[in-house]
Amino acid sequence: MQLIKSDINIDFLGKQKIAYAFSLILIIVCIGSLIIHKGPNYGIDFVGGTLVQIKFSQKVAVSDIRNGLSGIGLKDTSVQGFGQIEDNEYLIRTSSSEAMADNLSEIIAKGIEATTGTLPEIRRVEMVGPQVGKDLKNKALLAIFYSLLFITIYISGRFELKWMLSGVTAGALMAAVYFLSIFNVSMPFLIGAALVVTLGVFWTLKLKYAMGAIVALIHDVLITVGIFSILNLDFSLPIIAALLTIIGYSLNDTIIVFDRIRENVKGAEAKEALPQLFNKSINETLSRTILTSLTTLIVLLALFFLGGEIIHNFAFAMIIGVVIGTYSSVFVASPVVLAAHTKG
């Protein structure tokens, strides 16, 4: 199936300055939001605390629920509707130490009944200790970092046959990160520094395709996390799963473009012809890129609107990732590879 004519010739690389400016502005806004909010709005998976889902047989006021929680000493709480309005379900989140009591469900139910006049049904209780949450956060960051490095090994071997060089480099970086993490170095800072070093090493070693891929993937992950921070949405373990899925999706799209670039570059000797060859490659894969993205978005939009509250944020993260990942394959990954080709 072909949505776009085979002889189309859009000058994507001619618009790369506009694309760079757009990406830079978006990244600055996302980083600014993360700095202002001191990181993403971590859910209880990462910061510890308690989540309680309750259901009423009739409509109640949120203010009455909050008053009931205050009456039993739970002041550091948030209450939000869950599901459809007519379901009368709510999620209660708290980080108070009292929330770790064994009879939490009974205490909350009686406290809310005192102010609402209705005994709620406790449908779910989830508890995570602060130390467990910290460990989960560190392991989630490591999972993203390691996945990016393993991907660069694959890209370097797949397109440049530099398995050993890329593998040794990535292995050394992983060992350094693991060693430093033992000494309680701040994990976000450590991962950020390691990624900067990784980019510098790949540029120096002329691992062109790995460089383009990892820049695009960091671009996609950072913007997705930043948008969650801007909208103040919960950042939980399912979102980590979404980010890892986004990395895989974006990489798949990037590899298709890279394959065509490599085929067209073979035999091309003049560097001044490279921009035209890169543009030709992007145009030749454009139909497949758009078709893949559209079919994926149809499924994700169905999950977002019809899948319920449980997977709402997961589907939203995936939608952002598919859109940004498609954009980065064309306007981020390919120009970086072209710059590396020109430098070499």
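This is a predicted model: local features need pLDDT of at least 70, side-chain atom pairs count only at pLDDT 80 or more; totals for chains, interfaces and linings use all residues.
Student: Which residues of α4 are called buried, and what covers them?
Tutor: Buried means under 20% relative accessible area, and the residues of α4 that are buried are Leu104, Ile108, Ala109, Gly111, Ile112 and Thr116. Their cover includes the strands β2 (49–55), β4 (89–94) and β5 (121–128), together with helix α3 (62–71).

Student: Why are α1 and α8 called oblique to each other?
Tutor: The axes of α1 (residues 16–36) and α8 (residues 208–230) come within 8 Å and cross at roughly 50 degrees. Angles under 35 degrees count as roughly parallel and those from 65 to 115 as roughly perpendicular, and α1 and α8 are therefore oblique. The crossing in which α1 passes α8 is left-handed.

Student: What kinds of residues make up the contact of α1 with α8?
Tutor: On the α1 side the residues include Leu26, Ile27 and Val29, while those of α8 include Leu222, Ile223 and Val225. The residues of this contact divide into 11 nonpolar, 5 polar and no charged.

Student: Why is alanine 176 called partly exposed?
Tutor: Alanine 176, in helix α6 (residues 163–181), has a relative accessible area of 36%, and since buried means under 20% and exposed over 50%, alanine 176 is partly exposed.

Conventions. Residues are numbered from 1 along each chain as its sequence is written. Side-chain values use heavy atoms; hydrogens and water are left out. Axes are lines fitted to C-alpha atoms, for helices over the stretch in contact, and angles run from 0 to 180 degrees between N-to-C directions. Helices (H or I, at least four residues) and strands (E, at least two) are DSSP runs, numbered from the N terminus. Angles under 35 degrees count as roughly parallel, over 145 as roughly antiparallel, 65 to 115 as roughly perpendicular and the rest as oblique. A crossing is left-handed if the near helix is turned anticlockwise from the far one by less than a right angle, and right-handed if clockwise. Contact means heavy atoms within 4.5 Å. Ala, Val, Leu, Ile, Met, Phe, Trp, Tyr, Cys and Pro count as nonpolar, Asp, Glu, Lys and Arg as charged, and the others, Gly among them, as polar. Buried means under 20% relative accessible area, exposed over 50%, partly exposed in between (1.4 Å probe, protein chains only).
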